[in-house]
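Reader: I'm new to this one. Could you walk me through it, feature by feature?

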Amino acid sequence: MAGPYRRAMDYLYLACVITGSAALILISAVIPWAVFTRYVLNSAASWPEPLAVLLTIVVTFIGAAAGYRLNLHMNVAYFANKLPDPLRNLTELVVQLLMGLIALFMIIWGARLVEVTWHNTIADFPSLSVGVTYLPIPIGGACLLLFIIERIFLGAPPDPIASHRDVPVD
């Protein structure tokens, strides 16, 4: 069971990275367009700023779940690393359980936020539901929870970049 779950988490991680990266690339294209229309064409487009905000929500919640899986987030582990192994393992479990609570909060309250705002529209995108724009919150929470479950029961995933660090450069 561990192998298929780990592979599924690898695919979920890849989907999160691709989604977050695509959102970041789009932000990088939209913002210069906004600057160009405002200062070169003297006619500012109204849609780039709200689109950049919506894409930032995607990067924040879905991209952050991917970063958490590989422990790429900011953390202060100096004192935890000084503990003896049994206490360090217990501390790691407590941290994962607390993060699990945060993920559940994101899933439950994010889903409620989506539900409450589903029939509202955004002025610059009248065909887009506000609820759709908040979907990355519960989706990111679900991804985060699955990555936490993986870490608790299977341990930390292997670092996909580590195998490339020791490759000599010609």
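Author: We'll go through helix packing, then charged pairs, then a pocket. One thing before we start: this is a predicted model.

Reader: Okay, helices. How do H1 and H2 pack, and at what angle?

Author: Helix H1 covers residues 2-39 and helix H2 covers residues 48-69. Their axes are 8 Å apart, and the angle between them is about 155°. Angles over 145 degrees count as roughly antiparallel, so H1 and H2 are roughly antiparallel to each other.

Reader: Which hand does the crossing of H1 and H2 have, left or right?

Author: That crossing is left-handed. As for what sits in the contact of H1 with H2, the residues divide into 20 nonpolar, 3 polar and 3 charged.

Reader: Now H4 and H6. At roughly what angle do their axes cross?

Author: Roughly 160°, with the axes of H4 and H6 coming within 8 Å. H6 is the helix at residues 136-154. Use the cut-off again: over 145 degrees is roughly antiparallel, and therefore that's how H4 and H6 run relative to each other. The crossing of H4 and H6 is left-handed. By class, their contact has 17 nonpolar, 5 polar and 2 charged residues.

Reader: On to charges. How many salt bridges are there?

Author: The general idea is that side chains of opposite charge can pair when their charged atoms come close. Here the count comes to 4 salt bridges. One of them joins Glu150 and Arg6, whose closest N and O atoms are 2.9 Å apart.

Reader: What parts does the pair of Glu150 and Arg6 tie together?

Author: Look at where each one sits: Glu150 is in helix H6, while Arg6 is in helix H1. So the pair links parts that are 144 residues apart in sequence.

Reader: Which element gives the largest share of the lining of the largest pocket?

Author: H4 does, with 7 residues.

Conventions:
Residues are numbered from 1 along each chain as its sequence is written. This is a predicted model: local features need pLDDT of at least 70, side-chain atom pairs count only at pLDDT 80 or more; totals for chains, interfaces and linings use all residues. Side-chain values use heavy atoms; hydrogens and water are left out. Helices (H or I, at least four residues) and strands (E, at least two) are DSSP runs, numbered from the N terminus. Axes are lines fitted to C-alpha atoms, for helices over the stretch in contact, and angles run from 0 to 180 degrees between N-to-C directions. Angles under 35 degrees count as roughly parallel, over 145 as roughly antiparallel, 65 to 115 as roughly perpendicular and the rest as oblique. A crossing is left-handed if the near helix is turned anticlockwise from the far one by less than a right angle, and right-handed if clockwise. Ala, Val, Leu, Ile, Met, Phe, Trp, Tyr, Cys and Pro count as nonpolar, Asp, Glu, Lys and Arg as charged, and the others, Gly among them, as polar. A salt bridge is a side-chain nitrogen of Lys or Arg within 4 Å of a carboxyl oxygen of Asp or Glu.
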